[in-house]
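Let's take a walk through this protein, one feature at a time. Keep the sequence and the 3D view open while you read.

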Amino acid sequence: MKIATSIIAALFLAASATAVMPDDPLKIDTCTKPGVVALTFDDGPGAYNDQLLALLAKKNVKATFFLLGSMIAENAQQAASLKKILAGNHQLASHTYSHGNLDAMTEEAQRLEISKTSDIMFQHSGVRPAYMRAPEGRCGAPCTKVMESLGLVVSHWNVDTNDWRFKALAPAAATEKSMEEINKVIIQDSNPATDSFILLEHEIHKFSVDLLAERVIDAVIAKGYKFVTMEECVGKPAYLTGSVVPPVVPPTTNTTVPVVPPTSSSVAPSAGVTTGAPQKTSSGPIVPSITTGNKGANSAGLVRAGAWAMGVAAAVGFAML
Ligand SMILES: [Zn+2]
């Protein structure tokens, strides 16, 4: 009976996977190459962002921040985090504006969640993210199609600290609970020669930043993985056309914040658009260099080179892609 149940369950899962796959080709939950882990932090920018960036700098680890538009709008200190994140060579990504259930929204509301977040992120950083993560992962086939039409990579995950579940526990206990899945999935049951991970944490829980992040980083590195951003994990450019990406900062031990170039409406004409698709073009909402093929650094180079053609700094940023 147990075997029969298992077979039925397996067939159901296989059928489900087969049924879903054709509709969401951009639903990503693993990297395209083995040996890497994309460390991702959701729900910020929060009060502990500076502390987290200092830890990542100390460990020389690059991460991806899936930010909420509403958190950026909340106060100036949180909004200032975006430039600091970019200055640390981390990646900015979208987690929608209000953290609502995208699957329960109309297409118009879904697009507004994205465009409002893209606009406020551009306002405070000069970039428009090409990666998004749906709150609670709720983005079924119809939602995924909408995100695809906006040129976005729908970013899921395959290992979860579940830190939000344990935030009410004492910090040490919460950290141990959060490490359980990391230990099982990555430390015990994986092989860097064949496996890769997109790892989910949240930056808004104090213990996640105080204790968990360093434990995760140390364990993953000890297992033999290298941390990468989502851009390197997936192989598609981090930002949409029109973004003004600052040059890559050499990984030194500096403590100063590099100057982020001023934004200009002449560089990114879609700035200020508050509704509809970000990056609309005369041929439709999809930006071809982002959504067609897997051009990786080539497309990113076009974005960056276009934005930086006026200065010597452009050559630095382009060459280091
Ligand atoms: Zn979230």
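Count the bonded cysteines along the chain and the disulfides pair up as 1-4, 2-3. What you're looking at is a predicted model, where local features need pLDDT of at least 70 and side-chain atom pairs count only at pLDDT 80 or more, while totals for chains, interfaces and linings use all residues. Residues are numbered from 1 along each chain as its sequence is written, and side-chain values use heavy atoms, with hydrogens and water left out.

A disulfide is a covalent bond between the sulfur atoms of two cysteines; here a pair is called one when the two cysteine sulfur atoms are within 2.5 Å. By that rule there are two disulfides. One of them joins Cys 31 to Cys 233, with an S to S distance of 2.1 Å. Cys 31 sits in the loop between strand S1 (27-28) and S2, and Cys 233 in helix H9 (residues 230-234), so this link ties together parts that are 202 residues apart in sequence. (Helices are DSSP runs of H or I with at least four residues, strands are runs of E with at least two, and both are numbered from the N terminus.) The torsion about the S-S bond of Cys 31 and Cys 233 is -100°, a left-handed link. Both Cys 31 and Cys 233 are buried, where buried means under 20% relative accessible area, exposed means over 50%, and partly exposed is in between (1.4 Å probe, protein chains only).

The other disulfide runs from Cys 139 to Cys 143, S to S 2.0 Å. It is left-handed too, because the torsion about the S-S bond of Cys 139 and Cys 143 is about -95°. Cys 139 counts as buried at 2% relative accessibility, and Cys 143 is buried with a relative accessible area of 1%.

Cys 143 also brings you to helix H6 (residues 141-149), whose buried residues are Cys 143, Thr 144, Val 146, Met 147 and Ser 149. What covers them? Among the elements doing so are H5, strand S5 (131-132) and strand S6 (153-155), judged by contact, meaning heavy atoms within 4.5 Å. After H6 comes Gly 151, which has a positive phi near 80°.

Now for the metal. Which residues coordinate the zinc ion? They are Asp 43 (OD), His 95 (NE2) and His 99 (NE2), at 2.1 Å. Donors are N, O and S atoms within 2.8 Å of the metal (3.2 Å for Na, K and Ca), and as water is not among the atoms, sites may look incomplete. Along the chain, the zinc donors follow the spacing D-x51-H-x3-H. Asp 43 lies in strand S2 (residues 36-44) and His 95 in the loop between strand S4 (91-94) and helix H5 (107-125), so this pair, 52 residues apart, links distant parts of the chain. Asp 43 counts as buried at 11% relative accessibility, and His 95 counts as buried at 2%.

On to the charged side chains. Side chains of opposite charge can pair when their charged atoms come close. Taking a salt bridge as a side-chain nitrogen of Lys or Arg within 4 Å of a carboxyl oxygen of Asp or Glu, the structure holds 14 of them. Lys 59 pairs with Asp 218, their closest N and O atoms 2.8 Å apart. Lys 59 is in helix H2 (residues 49-59) and Asp 218 in helix H8 (residues 206-223), so the bridge ties together parts that are 159 residues apart in sequence. Lys 59 is partly exposed at 21%, as is Asp 218 at 37%.

Elsewhere, salt bridges that share partners join Lys 58, Lys 59, Glu 214 and Asp 218 into one network.

Finally, look inside. A nonpolar core is a set of buried Ala, Val, Leu, Ile, Met, Phe, Trp, Tyr and Cys residues joined through side-chain atoms within 4.5 Å. The largest one has 41 residues, of which Leu 39, Leu 56, Phe 65, Leu 92 and Leu 199 touch the most other members. H8 gives this core its largest share, eight residues. Apart from it lies another core of 26 residues, with Ala 134, Leu 152, Ile 198 and Cys 233 among them.
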